[in-house]
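This report examines how one protein chain is packed. Please consult the sequence and the structure while reading.

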Amino acid sequence: MPNEGGAADEAGGTPPDGVSPPEIPEPQDTGETAGHGGWSWLWPAMAVAAAAIPTVLTAVQQLFGVRTGRVSAVLVLAAALAASVLLARKTLQEKLPGASRGVRVLFSAVLVAVFAGASFVVVRFPENAAVPLHRFSGTHDVAVVGFTQGEQHAGQDQRVLDDVADTFTQSLKGRLPQGATAWNYAEASQRPPLAELSRPDHRGLDEWTRRFTDETNAGIVIGGIVTSDASGQAGLQPAFSVRPDQVVDAPELTGWYLGAPILLDQSWASPRGRAGVVAELVRRTRGLATFMDALDAWRYGAARQAAELLADLLPSGGTGTLPGDTGFVTPDLVRLFHGHALEQAAAGEPADTASAHLRAARADYEAIASDGPLGRRARLSLAGNTYLLALRSAPTCKAGEVDDAELKGVAATLRALADDPRFTEIGRLKASVNLAQVEQCRVTADPARDDGTVDAAVRRVREAGGDSSAVRELKALALSVGAQHAAGRGDLATAVTTIREAVSLEPRFIRRALWLGLAASWSYSRCDLATADRVAEESLAQLRAAVQQGEANAQRLEGYRTLFRQEATAARGRCPGPAPR
């Protein structure tokens, strides 16, 4: 009779004689099988912990600025250890139940090695972890980027210096104006090359600072380097940085400023010694808020207000807010910035008032110690001030109006500063720009004095490396001098091309309007009427924007418009054919 099992029987269905196979008992849940029993809760728990721990630590970091590197290391290691024990037990019970002793030992050794390697990475992680770069919203917010060993003082434990930076940041928060805060970036993954502060040229640090402030919008950046005196006593030399956009028209004032060293009592390993350093750092921040107020006023075009705020910080101001020559903001630093603010304010004042501002600025520069840390910046400012005062009596640099002997002395000072390797890169570039300006004025008064100095100085600045706003501003200014020099020798085509290049580097409405106006005038002079008409409209558009921003008045706009009409009429009556190309 056919078997009802069909194909199943053909493959080995019921055994002959109707004998049924013995029943195989169902496997019992002993709590050791995968996905069942007492261990089943650990897998989701581990997943939740793996997601929750980093989230919580990041929230703590963002909300309170508390460093959590070592905390995270302990928690991650605990989670990894629990996972490793669970993995070893389940693997040996389920996958290798009948394995030999050697296989079990080998498996355990491999797991231990993996855990040890992971532990090493986790332990090392906090030192190099990328702290999220918190972005500030205020103008008085302070970024502490840490303290590091100077190039001549290696061997100090960086973790101790990071602890000092963190303690200083927390102490500083309570001393800042309402609404301002401080943030510790000492353990950011991209540490600043602060060791460069020990040498005059620190372009790498300047470039790092530019990127950092662009990303964080920090109002001021504080750092420092470890020092030691001749007797071997350790210390810390603090420093802070001024952003280029805080000192309009004075790029040479940007960059890092080193303060006087803070001597360390005992050693960095001493809690008392570290506490003394932090207390002195906090004390030195006195006057910093007012200084920042002045920079804000300067940034937004209120140079007179900036000068008044800075004057209050000077010893003669009577406020007594500065901690002497040891603070972040020293009297000499205030004098330097106060002088430049006065020069900025002089630009829009009547002749008598402007001259008074320039003479007061000169007094500030002369009061700065020539052999101090700001000596070179003061000499550069003094040379520029002499040139500005000379232009008050000879604004067009015509023959017979210029005191050539005085300008020749200024040029000698600027030439020395431009070649001084101990001066900052921005300082040397600004000295080159000022040298080109002074020599161009001398050549305008007497073309026979043209010895190639103007072209050489412009070329030096034009070929300078870097793309910071300070470098771009100096390049634009140098190119404008080069354009006027070319126009003075009759090469109007080069003058127009060069001034347009300067405009491409200049972001401000008022200066773009002026330079485009020069390009239009030169184009009218060379009978390039189509270009001249177009560029004149561009100049007026920039000046209208400046009026809307409060940087120029309507009378100046009307004056430009009238001048362009007169030049266009004269050119059309003078130029017989098509414009030259």
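Tyr-257 is in contact with Pro-238, Ala-239, Phe-240, Val-242, Leu-333, Leu-336, Phe-337, Leu-374 and Arg-377, leaving aside residues up to four places away in sequence. The model in which these contacts are found is predicted.

Tyr-257 also belongs to the largest nonpolar core, which has 55 residues. Tyr-257, Phe-168, Phe-240, Trp-268, Phe-291, Trp-298 and Phe-337 are the members that touch the most other members. The greatest contribution to this core comes from helix α8, residues 288-299, which supplies 7 residues.

For helix α14 and helix α16, the angle is about 15 degrees and the axes lie 10 Å apart. Because angles under 35 degrees count as roughly parallel, α14 is roughly parallel to α16. Their crossing is left-handed. The table lists the residues through which the two helices meet.

| Helix | Residue range | Residues in the contact |
|---|---|---|
| α14 | residues 425-445 | Ile-426, Leu-429, Lys-430, Val-433, Ala-436, Gln-437, Gln-440, Val-443 |
| α16 | residues 469-488 | Ala-470, Val-471, Leu-474, Leu-477, Ala-478, Val-481, Gln-484, His-485 |

The chain as a whole contains 20 helices and 6 strands. Of its 581 residues, 45% count as buried. Among contacts with a separation of 6 or more, 65% join residues 24 or more positions apart.

Terms used: Residues numbered from 1 in each chain as written. Predicted model: local features only at pLDDT ≥ 70, side-chain atom pairs only at ≥ 80, totals over all residues. Heavy atoms only, no water. Helix = DSSP H or I, 4+ residues; strand = E, 2+ residues; numbered from the N terminus. Buried < 20%, exposed > 50% of the residue type's maximum accessible area, 1.4 Å probe, protein only. Contact = heavy atoms within 4.5 Å. Core = buried A, V, L, I, M, F, W, Y, C linked by side-chain atoms within 4.5 Å. Axes fitted to C-alpha atoms, helices over the stretch in contact; angles between N-to-C directions. Parallel < 35°, antiparallel > 145°, perpendicular 65-115°, else oblique. Left-handed = near helix turned anticlockwise from the far one by under 90°.
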